[in-house]
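Welcome, and thanks for opening the viewer.

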Amino acid sequence: MDIIDTHSHGLSKNQKWVIASTSSGFALENMDVLFLSFAMSSMIADLHLSGGAAGLISSITNLGMLFGGICFGILGDKIGRVKTFSHTVLIFAIATALMAFANNIYEIYALRFLAGIGAGGEYGVGIALIAENFKNHQIGKMTSIAAVGGQIGAIIAALVAAWIIPHLGWHMLFLVGIVPVVLTVFIRKHLHESDQFLAAKNKNNEKGSLLTDVVKKMFSTPRLALQSLGLMVMMTVQIAGYFGLMNWLPTIVQKQLNLNVSSSSLWMIATIIGMSVGMMTFGSIFDYFGPRRAFEIFLIGSAVMVYVLALAQNMASLLVIGAVMGFFSNGMFGGYGAVISRLYPTEIRSSANNIIVNVGRAIGGFSSVVIGILMDHYSLTVVMGFLSALYIISFVVMISLPGLKRLTVKH
């Protein structure tokens, strides 16, 4: 399969399937995450949960993502991206649907861990598929397009939740999670491995990509160790901000402005639209100016706008501020996969993406617990100040990474 320059010839058939499949997979995964967000208030009331216990649901999901990310990342490097990608989608779809039958917090913890295993494995394999089917100067935009697919899933989740929860309850919402099973059929039928992956696999013969080999190639020198750890810190902040905002702000908004589920869904949709526009903007800046400039703009913008959100006093200001905040805070999400895919070799690309991203998810996911505790004792201003400070930390780490300097585009 030849990689076609999309500037002059358009997308090849396989490239179209790669983007369609990864975008759909990310959409369905994000839909699952947002189901939990919109169902949280109902689950807390139904099961009489504390803020910390409820926040732990997301944290356990992210621990499952770390486990699944490592296992499926290595599997993706060893047996292929396409087979592994379809397996991960199937696992998180079944686990999500089974949430419809969960009746206590322990069953929920178990199912969310299982869903996390599938979702955690999906990201790195999907990003590797994109990186190996497009040229370097297109990866930023293409990973952002796939990430926008995730936001479409979030919009669908908001609309579905607004209708199902008031009429059928939170249990039935998760039954929709069985839909991704259909995607696995299309993935296996239409996608095939890239020439780049096949060449790397033949070169490594039977050696494969065991965890020790992956860790060695990510941490074998001080420079590589600094690079890998720095990217993990940045990803931790990205996930902490995202899960903090998307899991708890619907509940915060409902309490602060006395909104119902449908009204908070409108705010979420405005924020998600902002995120989608931000992703496409970030991808263009990334490909033209390089990752350093793109991350500089978006990290500073995130730090400012997250704090400004606490100043919203009515629905109109909430919608505008939420959209601008979403533009910056999640606009850069696709950029992490693009950076990792260019900094690490083909034979560990899937593993490197999954390990870095899912370490960030596992640690950053605890922001749901922290924010749940902060909400019990402090004001919204304190909560948003905490998130704003995290983006400043990520900015400081980002400008110290030598690998990003090497990827800077010169015009």
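Is R361 buried or exposed? R361 is buried, with a relative accessible area of 5%; buried means under 20% relative accessible area, exposed over 50% and partly exposed in between, with a 1.4 Å probe and protein chains only.

Before moving on, a word on the ground rules. This is a predicted model, in which local features need pLDDT of at least 70 and side-chain atom pairs count only at pLDDT 80 or more, while totals for chains, interfaces and linings use all residues. Residues are numbered from 1 along each chain as its sequence is written, and side-chain values use heavy atoms, with hydrogens and water left out.

**Stop 1**

Helices here are DSSP runs of H or I with at least four residues, numbered from the N terminus. E29 is buried too, with a relative accessible area of 6%. In total, the structure holds 6 salt bridges.

**Stop 2**

Now select E132 and R349. Their closest N and O atoms are 3.2 Å apart in a salt bridge. E132 lies in the loop between helix 4 (105–131) and helix 5, and R349 in helix 15, so the pair ties together parts that are 217 residues apart in sequence. E132 counts as buried at 1% relative accessibility, and R349 does at 7%. Salt bridges that share partners join D77, R81, E132 and R349 into one network.

**Stop 2: helix 5 and helix 14**

Next, show residues 136–168 and 333–343. The axes of helix 5 and helix 14 come within 8 Å and cross at roughly 145 degrees; axes are lines fitted to C-alpha atoms over the stretch in contact, with angles from 0 to 180 degrees between N-to-C directions. Which residues of helix 5 meet helix 14? They are N136, I139, G140, T143 and A147, facing F333, G334, A338 and R342 in helix 14, where contact means heavy atoms within 4.5 Å.

Definitions and conventions: Helices (H or I, at least four residues) and strands (E, at least two) are DSSP runs, numbered from the N terminus. A salt bridge is a side-chain nitrogen of Lys or Arg within 4 Å of a carboxyl oxygen of Asp or Glu.
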